[in-house]
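Thanks for passing this one along. Here are some notes to read with the model open beside you.

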Amino acid sequence: MDYKNTNAPKNTITRDMNHLVEPVGNVYETVAIIAKRANQISNGLKKELDAKLQDFSVPQDSLEETFENKEQIEISRSYEKLPKPTLMATQEFLEGNLIYKGSNKDEALK
């Protein structure tokens, strides 16, 4: 997924819990859904960043010989500027872009 084109806010904002809970009906299930999606986003970002930084890795025998690569620093900074995974997951939840199942296996919420 392209996380760079998300419209999630970069800073934390206050949310109305009553509005946030409406689709599910339970605060705890809502938080669990958002938390699971945030973990998925976080793992995806980590794999993507590791793959990009793998190109710059050089096997080193000494820890003292550390050098900085400008391209590597720019890649890291671009990922640091992205919104946090919890904010991305919350935005996806509010937009209705998440598919999840309810606690009752027969009943699909969305």
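1. A word on terms before we start: contact here means heavy atoms within 4.5 Å. With that in mind, and leaving aside neighbours within four places in sequence, Thr 90 is in contact with Arg 15, Leu 20 and Ile 34. Please keep in mind that this is a predicted model.

2. The overall picture is helical. The protein chain has 4 helices and 0 strands, in the order α-α-α-α along the sequence. Of its 110 residues, 25% count as buried. Among contacts with a separation of 6 or more, 71% are between residues 24 or more positions apart. The accessible surface comes to about 8,500 Å², and carbon and sulfur atoms account for 50% of that.

3. Helix α2 deserves a look. It covers residues 27–54, which is 28 residues, and spans 40 Å from its first C-alpha to its last, close to the 40 Å expected. At its start, a side-chain oxygen of Asn 26 comes within 2.9 Å of the backbone nitrogen of Tyr 28. The buried residues of α2 include Ile 33, Ile 34, Arg 37 and Ile 41, and their cover includes α1, α3 and α4.

4. Now to helix α4, residues 85–95, where Thr 90 sits. Thr 90 has a relative accessible area of 12%, so it is buried. Other buried residues of α4 include Leu 87, Met 88 and Phe 93, and the buried residues of this helix pack against α1 and α2. Just after α4, Gly 96 takes a positive phi of about 80 degrees.

5. Which residue forms a salt bridge with Glu 92? The partner is Arg 37, with the closest N and O atoms 2.7 Å apart. This pair links distant parts of the chain, since Glu 92 belongs to α4 and Arg 37 to α2, 55 residues apart. Glu 92 is buried at 10% relative accessible area, and Arg 37 also counts as buried, at 14%. In general, side chains of opposite charge can pair when their charged atoms come close.

6. The structure holds 3 salt bridges. One of them joins Lys 46 and Asp 50 at 3.1 Å, N to O; both lie in α2, 4 residues apart, about one turn of the helix. Lys 46 is exposed at 52%, while Asp 50 is partly exposed at 37%.

7. Arg 77 and Glu 74 also meet in a salt bridge, at 3.8 Å, N to O. They are 3 residues apart in α3, so about one helical turn separates them. Arg 77 is partly exposed at 45%, and Glu 74 is partly exposed at 48%.

Note on methods:
Residues are numbered from 1 along each chain as its sequence is written. This is a predicted model: local features need pLDDT of at least 70, side-chain atom pairs count only at pLDDT 80 or more; totals for chains, interfaces and linings use all residues. Side-chain values use heavy atoms; hydrogens and water are left out. Helices (H or I, at least four residues) and strands (E, at least two) are DSSP runs, numbered from the N terminus. Buried means under 20% relative accessible area, exposed over 50%, partly exposed in between (1.4 Å probe, protein chains only). Accessible areas come from the Shrake-Rupley method with a 1.4 Å probe; for residues, only the protein chains shown count as cover. The expected span of a helix is 1.5 Å times one less than its number of residues. A polar contact is a pair of N or O atoms within 3.5 Å; within protein, one must be able to donate a hydrogen and the other to accept it, and residues adjacent in sequence count only if both atoms are side-chain atoms. A salt bridge is a side-chain nitrogen of Lys or Arg within 4 Å of a carboxyl oxygen of Asp or Glu.
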